[in-house]
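Please keep the structure open while I talk.

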Amino acid sequence: MLWSLLKILVFVALVALIAFGAGILMETAGGVQITVAGTEYTLGALQSVLALGLLVLSVWIFLKLLTLLVATLKFLNGDETAMSRYFDKGRERKGYQALSDGLMALASGEGRLALTKASKAARYLDNPELTDLLTAQAAEMAGDTHKAAEAYKRLLSNQSTRFVGVRGIMKQKLSEGDKETALQLAEKALALRPKHEEVQDTLLQLQAQAEDWAGARKTLTAKLKSGSLPRDVFKRRDAVLALSASRGVADEAASIEQREQAIEANRLSPDLVPAAAMAARAYLEQGKKRNAIKVLKKAWEAQPHPDLAHVFAEVEPEETAEQRVKRFEQLARLRPQDDETRLVMAELHIVAEDFPEARRALADMVERAPDARVLTLMAAIEKGEGADNAVTQAWLARALTAPRGPQWLCTNCNHIHAEWAPVCEHCTSFDTLSWQRTETPEVASATGVHMLPLITGAATASDAVVVQDVIDAEELDDVSESDETSKSSRSEDSSEAKA
């Protein structure tokens, strides 16, 4: 409303200004004298201005006619497009203006306006490479997927825009959940542009989800050759893919190729725990115990893990508990201060009924990292040393609500997995699982003590009361220790102040 009123006011002001100028010119004395063929013409001020305008218009018309004459001569001399170019200049100007306006609307996030400008540009311009691309992107922004798909299909007919069309349809299929078609389109797009990083990542993820490990390794090699992937990351992910291809190597029906792939995965990335475990089992199937032990030691030195300990125990399945403790000292010497080393040795000492040594193996983990595994081992130690059931059950009650300890955690979405997998089952990201403790605190259950009879199968209602008393007593001991510490610090402060 205000804009319309402003335009009316500007128009009235221009009319008034022209009328005022014309009145001044009519009242102005003198003029212009022109002599033509002996005849003298005298023009007033207003007449002179009008004559000047007519002269400018005549010159413009003369230039237009001259340009048309030149185009006609070119056409007569064999240039078949000379006349069409002459008459299309105005259309091209309007078309490129509409194209420019559409690009500005697209950059501003105005999808509907960009779609309108794209339609106008398509009417004036004979350049489908530009107009179809603008139409497709504007339709996507406006939510018109059908129109966008039609524009992308038109782009497929031109060699220079075929990649854009294939990539656009691929992204549409991904958004629709049609991963099988998207995988085929990603392969075609990568064939057209082998160095396109986004297409490489998309194809790699789709191949990993489809468990096409051989194709994924080819795509990973293409990423390395194009320079979009560092060599150390390439080795790690190539090991993950080789490991994924060798799943099931521990089965009796596992092929020789699967065992070789497991060994190759360990060679590519010795610190990859699942690869080391599978490679060690592959060596054990071949009767090569020394190779298996060497692989496990190297992996344990990089990152101690329960799976490695399980495979190390499989090396000598018939040994006694004391012999196993002695043999596992080979691993313990590699990372003696690591929590996993302490836990494994504590478990072995418990099996060997050496409970004081098991307690020494845990050391300060009860105070520093009291997770469910540590507290359960403490319950077993107390039980083995002949403690009351209430004490044992108190440790088990604490284990109910304690953190779970290190787990396979997706670094992309923080989803916890029961076992390692190459692709996250929650966010479908590739090679994002890491063995670590969760950063988010776990919520403790207030009914942990009351659930204990369901676990032990031997506790009574009075036992639950005793368990709670033990837990309360431990908490009181902690409080009293902190009070004594604060009192001693205050007394030291007061003595210093007196001094």
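**The sheet**

Strand β3, residues 407–410, is joined to β5 by four bridges, and the two run antiparallel; strands here are DSSP runs of E with at least two residues, helices are runs of H or I with at least four residues, and both are numbered from the N terminus. Before I go further, this is a predicted model, in which local features need pLDDT of at least 70 and side-chain atom pairs count only at pLDDT 80 or more, while totals for chains, interfaces and linings use all residues. Residues are numbered from 1 along each chain as its sequence is written, and side-chain values use heavy atoms, with hydrogens and water left out.

Coming back to the pairing, Leu409 stands opposite Ser434 in β5. The open sheet has three strands in the order β4-β3-β5, with antiparallel pairing, where two strands pair if DSSP finds at least two bridges between them. Because β4 (416–417) and β5 (433–436) are at the edges with a single partner strand each, one side of each has no neighbour in the sheet.

The protein chain has 23 helices and five strands, and 34% of its 499 residues count as buried, meaning under 20% relative accessible area, with exposed being over 50% and partly exposed in between (1.4 Å probe, protein chains only).

As an example, take helix α8, residues 179–192, whose 14 residues reach 20 Å from first C-alpha to last, close to the 20 Å expected at 1.5 Å a residue; the expected span is 1.5 Å times one less than the number of residues.

**Salt bridges**

The structure holds 23 salt bridges, each being a side-chain nitrogen of Lys or Arg within 4 Å of a carboxyl oxygen of Asp or Glu. In one of them, Asp238 pairs with Arg217, with the closest N and O atoms 2.7 Å apart. That pair links distant parts of the chain, since Asp238 belongs to helix α11 (residues 231–245) and Arg217 to helix α10, 21 residues apart. Asp238 is buried at 9% relative accessibility, and Arg217 is buried too, at 19%.

Arg281 and Glu314 also meet in a salt bridge, at 3.1 Å from N to O. Arg281 is in helix α13 (residues 273–285) and Glu314 in helix α15 (residues 306–314), so this pair ties together parts 33 residues apart in sequence. Arg281 is partly exposed at 24%, as is Glu314 at 36%.

Arg360 and Glu357, by contrast, meet at 2.6 Å, N to O, with both in helix α18 (residues 355–362), three residues apart, or about one turn of the helix. An α-helix has 3.6 residues a turn, so residues three or four places apart point the same way. Arg360 is exposed at 54%, whereas Glu357 is partly exposed at 28%.

**The cysteines**

How many disulfides are there, if a disulfide is a pair of cysteine sulfur atoms within 2.5 Å? The count is zero. Cys424 is in no disulfide, and the nearest cysteine sulfur, in Cys413, is 3.6 Å away. The sulfur of Cys427 has its closest cysteine sulfur in Cys413 as well, at 3.6 Å, which is too far for a bond. Cys424 is buried at 1% relative accessible area, whereas Cys427 is partly exposed at 22%.

How values were computed. Disulfide = S-S within 2.5 Å.
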